[in-house]
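Good morning, and thank you for coming.

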Amino acid sequence: VDICTPSPRNPMLTLRKARQDLERRRNIVDDALENLVQEKISSSEAPAMILARDVILAGGKRYRPILVLLAFEAAGGEDNSLVMDLALSAELLHTATLVHDDIYDQAKTRRGIPTLHSTHGVSHGIIGGDYLFVLGFGLGGKYDSEVVARMAQSCANIAVGELLQFNHIGDLSTTPEDYYSIIDGKTAGPFASACQCAGMVAGADEKITNSLEEFGWEVGRAFQLVDDLLDLTGDPSMGKPRGTDVHEGKMTLPIIHALTMLHGSEREQLADVIQNFSDDRWGELTSLLEMSGSFDYVRQLIDNHIGRAQSVLEKLPETPARSLLFQIAKQSRSRRT
């Protein structure tokens with residue numbers, strides 16, 4: 001029975017098994033991160049690691065390192081210790097971007113704890129983020145030059161995506177193409193490179209590594225679109241306040257779509273809400289987004305990306321790891337954090 005296909009006798013059995021397998025890998029990643037922290041605290045890097053320790057160990061779903069482990073296995077890799085540094089690298093580079101994001105977003109909390117800059121000051125926050133980048137790239141730099149080059153390009157594209165997003169803050173003329181350029185740099189690209197590089201470490205052929213890369217692009221895009229919806233429909237238990245993106249003037253796809261679909265007074269009202277947003281205008285915003293069909297539009301796009309991600313997995317050998325990748329794609333549609 002496929003690990004993600006409910007058994008006729010017990011429909012919850014295989015889903016439970018999938019969740020247990022994913023949780024086991026998350027625990028493996030958490031243990032490896034804790035070991036890394038302890039190693040660095042016992043070295044000359046102690047001051048920097050003590051600064052960054054809490055943000056590293058604050059939890060999170062660990063999607064990126066889990067994807068690395070599963071992509072490695074799906075590509076035929078057998079010894080996860082060979083790819084663990086790459087998995088940790090993916091998580092540390094992501095965490096570094098979060099630290100820097102929090103600084104220029106002036107965020108107070110992340111993953112349920114105070115942000116690094118809010119407890120230690122902006123200067124220390126910048127240093128902490130820089131240290132995490134160096135630590136992450138140092139781990140990834142142990143691999144073949146092709147893997148390192150792919151990682152370097154992905155990190156450069158994160159910076160490009162951030163700059164594009166800054167350029168479109170409060171820009172009501174932002175297009176869906178602009179939006180996808182931003183999220184491909186910031187979110188989908190790192191997913192894609194992590195999966196592709198894991199396949200390279202496993203020694204897979206180009207067909208397999210390209211399929212893993214394509215899977216990463218589609219899951220990463222769906223992941224960001226879900227984030228956009230959660231910002232507009234979620235609650236504080238998600239780990240960040242609802243409406244963070246709106247307050248910051250970020251042009252997410254539901255808003256871009258609504259600005260395109262609405263006309264006349266409704267479009268003028270939406271523009272005013274976005275440009276002069278406050279929490280007491282939530283009702284106006286959500287009403288206009290519903291009127292334009294933007295929530296449903298984005299949900300359909302999420303389904304499309306997830307469907308393509310699942311389809312590309314058919315190009316990989318049928319293994320438990322492939323089934324777990326399928327499950328991750330499926331779960332990304334309904335995640336709450």
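This is a predicted model: local features need pLDDT of at least 70, side-chain atom pairs count only at pLDDT 80 or more; totals for chains, interfaces and linings use all residues.

On the surface, Tyr-104, Leu-163, Phe-166 and Ile-169 form a nonpolar patch, with about 370 Å² of accessible area together. Accessible areas come from the Shrake-Rupley method with a 1.4 Å probe, and for residues only the protein chains shown count as cover. A patch is made of residues with over 30% relative accessible area and no salt bridge; like charges are joined within 9 Å, and nonpolar side chains (Val, Leu, Ile, Met, Phe, Trp, Tyr) within 5 Å.

Residues are numbered from 1 along each chain as its sequence is written, and side-chain values use heavy atoms, with hydrogens and water left out.

Tyr-104 belongs to helix 4, residues 84–105. Helices here are DSSP runs (H or I, at least four residues), numbered from the N terminus. Tyr-104 counts as partly exposed because its relative accessibility is 34%; buried means under 20% relative accessible area, exposed over 50%, and partly exposed in between, with a 1.4 Å probe and protein chains only.

Let us now turn to the salt bridges. How many does the structure hold? There are 16 salt bridges, each defined as a side-chain nitrogen of Lys or Arg within 4 Å of a carboxyl oxygen of Asp or Glu.

One of them joins the side chains of Arg-62 and Asp-30, at 2.8 Å from N to O. Arg-62 lies in the loop between helix 2 and helix 3, and Asp-30 in helix 1 (residues 13–41), so the pair ties together parts that are 32 residues apart in sequence. Both residues are buried, Arg-62 at 3% relative accessibility. Arg-62 also has a positive phi, near 60 degrees, although this residue is not glycine. Most residues other than glycine have a negative phi.

Which residues are linked in a network of salt bridges? They are Asp-184, Glu-218, Arg-221 and Arg-308. Arg-221 pairs with Asp-184, the closest N and O atoms being 2.9 Å apart. This pair links helix 9, which holds Arg-221, to helix 8, which holds Asp-184, across 37 residues. Arg-308 meets Glu-218 at 3.4 Å, N to O. Here Arg-308 is in helix 14 and Glu-218 in helix 9, 90 residues apart. Arg-308 is partly exposed at 40%, whereas Glu-218 is buried at 7%.

Finally, consider helix 11, residues 253–261. Seven of its nine residues are buried, among them Leu-253, Ile-256 and His-257. What covers these buried residues includes helices 8, 9, 10, 12, 13 and 14.

Another buried residue is His-117, at 12% relative accessible area, in helix 5. Beyond its neighbours within four places in sequence, His-117 is in contact (heavy atoms within 4.5 Å) with residues including Asp-102, Ile-103 and Gly-125.

Key: Helices (H or I, at least four residues) and strands (E, at least two) are DSSP runs, numbered from the N terminus.
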